[in-house]
Amino acid sequence: MREDDAFTNADLRPVPPERRTWSLWDIAALWVGMAVCIPTYQLASSLIEQGLAWWEAALTVLLGSLIVAVPMALNSHAGTAYGIPFPVLLRSSFGLRGSNVPALMRAAVACGWFGIQTWIGGSAFYGILVSLGLVTPEDWAVVGWLGISWPQFFAFLLFWAVNMAVILRGIECIRWLENLGAPFLLAVGFALLGWALYAAGGAGELFAEKTQDLTGAAFFAVFLPGLTGIVGFWGTLALNVPDFTRYARSQYDQTVGMAVGMPATTTGFALIGILVTSATVVVYGEAIWNPVELLDRFPLGVVLVSQFALIIATLTTNIAANVVSPANDFSNLAPRWISFRMGGIITGLIGVAMFPWEILRNPHNYVLTFLVGYSALLGPIAGIMIADYWVVRQRRLVVADLYRLDGAYLYRAGVSWVALGVLGLAIAPSLPGFLATFGFAEPSAFFRLYYDTSWFSGFLVAFVAYILARRAWPEY
């Protein structure tokens, strides 16, 4: 038996031991760099805008981060043990061809995130142009079909082009940028925190501030989707974490590096978002949950320095968190024709077409429509992956067979109908709740709860159903 050229290329092959050089601190820096970004800031600040108290929002972020760290650690193991990326690991449960279904689901979410981060970076570019007087917003009307003005779209495309240039440099450039960028955004975050404490007259005012008084059912209507959204926020990387851990020196390095770098950084930076958003209620009488909009209200010098820092930090986070996985996922679709770099370019083009500014137009779109919506897809995929690797296969994979049709993961012509059927079974109950967010359905309490907790409910259904179905029909 030999490796089939239709299922491999240089980017998808296992990383040889001599190239697995990332230390504990490299992994920790990677997670810190990905956690310190504007969407992390907006996670809890959006919950403040929707009515949670500061401590409720902070605990929601911490709880979600700790929960998602478990599947993240479980999925990361195979990357370090076998040196394989996420789409190749999927082949053991979904089959060599069937793996493209969950891989492309993950890629679609990443394209959305790429667009969101690119819009944030482009907004910082736009803020600089406005601050320097090169663009006067009043002179440019919103283009109807586009939803934004031409200068805003130009700034978006400018930042997009910078991202594309980095993608073409490859994975080691991404690693270097990740270590460089996090301090920039940390500095901006602490500067905003200092402003919040000064402008609001101390921490007491911030901790006492609350936009609404939520109790009972009203509280859980924000808390449950918020918790699901936070898990979904990291749920993308909980799937494709092997894309990074395949370069780690050991299981100890990758596990401890993630534990050190992700939960505390996410919660800490989100807490900054909480306090700053609370300060905007005190100072401006409204919750401003987007830091780019807030910075535009500051003096020129502060705006220029802060927006430049946002551009650098957003660039590093965007490349690592939102390009590595879809680039590999698209490469898995047609390895002969699509390399990692070509996959990254496809990601960028789809990210533009998704009109990401519409997602960030308000926190309801961000948390309930985007984060919770895609959680309904990612939870079931995680459940199947973990059930297959840890329960069904007991962490034993035949790596060579992951790259050839006549191996152990053939199933039916390269497709596992068990895995695809379980995936559909776990996703289907979320559809009524998803349609309800657009006013197209009136789901029962059960389907509403299933959707609001879609990552958890989908994970559990998929995990149990896959184990039972795989034992009943191992050849499918």
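In what follows, Ala, Val, Leu, Ile, Met, Phe, Trp, Tyr, Cys and Pro count as nonpolar, Asp, Glu, Lys and Arg as charged, and the others, Gly among them, as polar. The model is predicted, so that local features need pLDDT of at least 70 and side-chain atom pairs count only at pLDDT 80 or more, while totals for chains, interfaces and linings use all residues. Residues are numbered from 1 along each chain as its sequence is written, and side-chain values use heavy atoms, with hydrogens and water left out.

We begin with two helices, where helices are DSSP runs of H or I with at least four residues, numbered from the N terminus. The expected span of a helix is 1.5 Å times one less than its number of residues. Helix H1 covers residues 24–35, and because its twelve residues should span 16 Å at 1.5 Å a residue, the 16 Å between its end C-alpha atoms agrees with that expectation. Nine of the twelve residues of H1 are buried, a term that means under 20% relative accessible area with a 1.4 Å probe and protein chains only. Among these buried residues of H1 are Asp26, Trp31 and Gly33. Helix H6, residues 150–167, has 18 residues and reaches 25 Å from its first C-alpha to its last, close to the 26 Å expected; its buried residues include Phe153, Phe156, Phe159, Trp160 and Asn163.

On a 1 Å grid over the protein atoms alone, a cavity is a set of points where a 1.4 Å probe fits but cannot get out, and its lining residues have an atom within 4 Å of a point. Grid points are joined across faces, edges and corners, and a volume is the space filled by probe spheres set on the points. By this rule there are five cavities of 30 Å³ or more.

The largest cavity holds about 110 Å³ of space. It is lined by 13 residues, and Trp113, Phe233, Leu237, Ala321 and Asn322 are the closest to its centre. Helices H5 (100–131), H9 (216–240) and H14 (300–322) each give two or more residues to this lining, with the largest share, four residues, coming from H9. By class, the lining of the largest cavity has eight nonpolar, four polar and one charged residues.

The second largest cavity has a volume of about 50 Å³. Of its ten lining residues, Ile38, Tyr41, Val188, Leu192 and Pro291 lie nearest its centre. Nine residues of this lining are nonpolar and one is polar, with no charged residues.

Conventions
Buried < 20%, exposed > 50% of the residue type's maximum accessible area, 1.4 Å probe, protein only. 1 Å grid on protein atoms, 1.4 Å probe; cavity = no way out; pocket = protein on both sides within 12 Å on 5 of 7 lines; lining within 4 Å.
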